[in-house]
Amino acid sequence: MNKNKVLDYCTKELRVSPEEAERLFKKVSKYEDIYSEFLSWIDNRKYTNGITVGGYSSEQIYELAPGLSGIGVYNFMVTLRDNPELAREIIQSGFKTQ
């Protein structure tokens, strides 16, 4: 399942705690299609127009919010699938956080 690859990325590159890395992993691995594309991103560091969720590809999400980390882009795709209304509000706000 390549869990260690994701945990290494989170702890070594993003410098988050092992607990936070586990939380990020749990979310990004919720859907096989999103997780698979994220694993490809870890290897290639390229966003694609592969899958779309709610009308957005990972590349489009990154263009809208270039400050997001790779896992942030793909976890936002999970949010788009799980809670499209909230995700659209976040997009419309320009990815501003409270």
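In which helix does Ser-58 lie? Ser-58 lies in helix α4, which spans residues 58–64, where helices (H or I, at least four residues) and strands (E, at least two) are DSSP runs numbered from the N terminus. The model is a predicted one, in which local features need pLDDT of at least 70 and side-chain atom pairs count only at pLDDT 80 or more, whereas totals for chains, interfaces and linings use all residues. Residues are numbered from 1 along each chain as its sequence is written, and side-chain values use heavy atoms, with hydrogens and water left out.

Ser-58 is buried, with a relative accessible area of 0%; buried denotes under 20% relative accessible area, exposed over 50%, and partly exposed the range in between, for a 1.4 Å probe and protein chains only. The side chain of Ser-58 makes polar contacts with the side chain of Glu-37 at 2.9 Å and with that of Tyr-74 at 3.1 Å. A polar contact is a pair of N or O atoms within 3.5 Å, of which, within protein, one must be able to donate a hydrogen and the other to accept it, while residues adjacent in sequence count only if both atoms are side-chain atoms. With residues up to four places away in sequence not counted, Ser-58 touches Glu-37, Tyr-47, Thr-48, Ile-51, Val-73, Tyr-74 and Met-77, contact being defined by heavy atoms within 4.5 Å.

In helix α2 (residues 18–28), the buried residues are Ala-21, Leu-24, Phe-25 and Val-28. These residues lie on the same side of α2, because they cover an arc of only 100 degrees around the axis, the arc being that of the directions from the helix axis to the C-beta atoms. An α-helix has 3.6 residues a turn, so residues three or four places apart point the same way. The buried residues of α2 pack against α1, α3 (32–44) and α5 (70–82), whereas Glu-19 and Lys-26, on the other side of α2, are exposed.

Ser-29, in the loop between α2 and α3, is buried at a relative accessible area of 16%, and a polar atom of its side chain lies 3.4 Å from the backbone oxygen of Lys-26. Ser-29 and Asn-2 are 27 residues apart in sequence, with a C-alpha to C-alpha separation of 10.0 Å. Asn-2 lies in the segment before α1 (3–13) and is partly exposed, with a relative accessible area of 41%. Leaving aside neighbours within four places in sequence, Asn-2 is in contact with Tyr-35 and Leu-39; the C-alpha atoms of Asn-2 and Val-16, 14 residues apart along the chain, are separated by 18 Å.

Positive phi values occur in two residues described here. Arg-45, in the loop between α3 and β1 (52–53), has a phi near 55 degrees, a positive value in a residue other than glycine, and counts as partly exposed at 37% relative accessibility. Phe-95, in the segment after α6 (84–92), has a positive phi of about 65 degrees although it is not a glycine, and counts as buried at 18% relative accessibility.
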